[in-house]
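Me: Could you walk me through reading a model like this one, feature by feature? I would like the general idea and then the case at hand.

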Amino acid sequence: MVYSEETLTQIEQYASIYLKISDMAVILGVPPEDLRRDIADRTTAVSHRYHRGKAASRVKLLHQEMQLAYVGSPLALENTRNNLLDMEDDE
């Protein structure tokens, strides 16, 4: 399926707020199975924009969690430790 630049921008924004693909499809007027398939194909522009939107919000959340860890939040410290282990596993 071909997506316009406007639609790609919308998908990135929706992904950044963790909107479900099925809800995105309803808003965009496309079949959910088509959108899912296109997002699953990592070579497509729609997949890139979807994952970029998710990653951008994850960065913000991790930053906030790190700030909480700096001031001593026990839960944030544990989560930050787990995030570091996940990062090292991914290297």
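Me: How do the residues of the lining of the largest pocket divide into nonpolar, polar and charged?
Reply: Ala, Val, Leu, Ile, Met, Phe, Trp, Tyr, Cys and Pro count as nonpolar, Asp, Glu, Lys and Arg as charged, and the others, Gly among them, as polar. Here the lining has four nonpolar, two polar and three charged residues. This is a predicted model, where local features need pLDDT of at least 70 and side-chain atom pairs pLDDT 80 or more, while totals for chains, interfaces and linings use all residues. Residues are numbered from 1 along each chain as its sequence is written, and side-chain values use heavy atoms, leaving out hydrogens and water.

Me: Which residues line the largest pocket?
Reply: A pocket is an open set of points on a 1 Å grid over the protein atoms alone, where a 1.4 Å probe fits, with protein on both sides within 12 Å along at least five of seven lines; lining residues have an atom within 4 Å of a point. In this model they are Arg58, Leu62, Glu65, Met66, Thr80, Asn83, Leu84, Asp86 and Met87. Helices are DSSP runs (H or I, at least four residues), numbered from the N terminus. α5 (74-89) and α4 (45-70) each supply at least two lining residues, and α5 gives the largest share, five.

Me: Which residues of α2 are buried?
Reply: Buried means under 20% relative accessible area, exposed over 50% and partly exposed in between (1.4 Å probe, protein chains only). An α-helix has 3.6 residues a turn, so residues three or four places apart point the same way. In α2, the buried residues are Ile21, Met24, Ala25 and Leu28. They lie on the same side of α2 because they cover an arc of only 100 degrees around the axis, taken from the directions from the helix axis to the C-beta atoms. Val26 and Ile27, on the other side, are exposed.

Me: What does Met24 touch?
Reply: Contact means heavy atoms within 4.5 Å. Leaving aside residues up to four places away in sequence, Met24 touches Ile11, Tyr14, Ala15, Leu19, Leu35 and Tyr50. The buried residues of α2 pack against α1, α3 and α4.

Me: Where is Tyr18, and what is its phi?
Reply: Most residues other than glycine have a negative phi. Tyr18, in the loop between α1 and α2, has a positive phi near 60 degrees. Tyr18 is partly exposed, at 43% relative accessible area.
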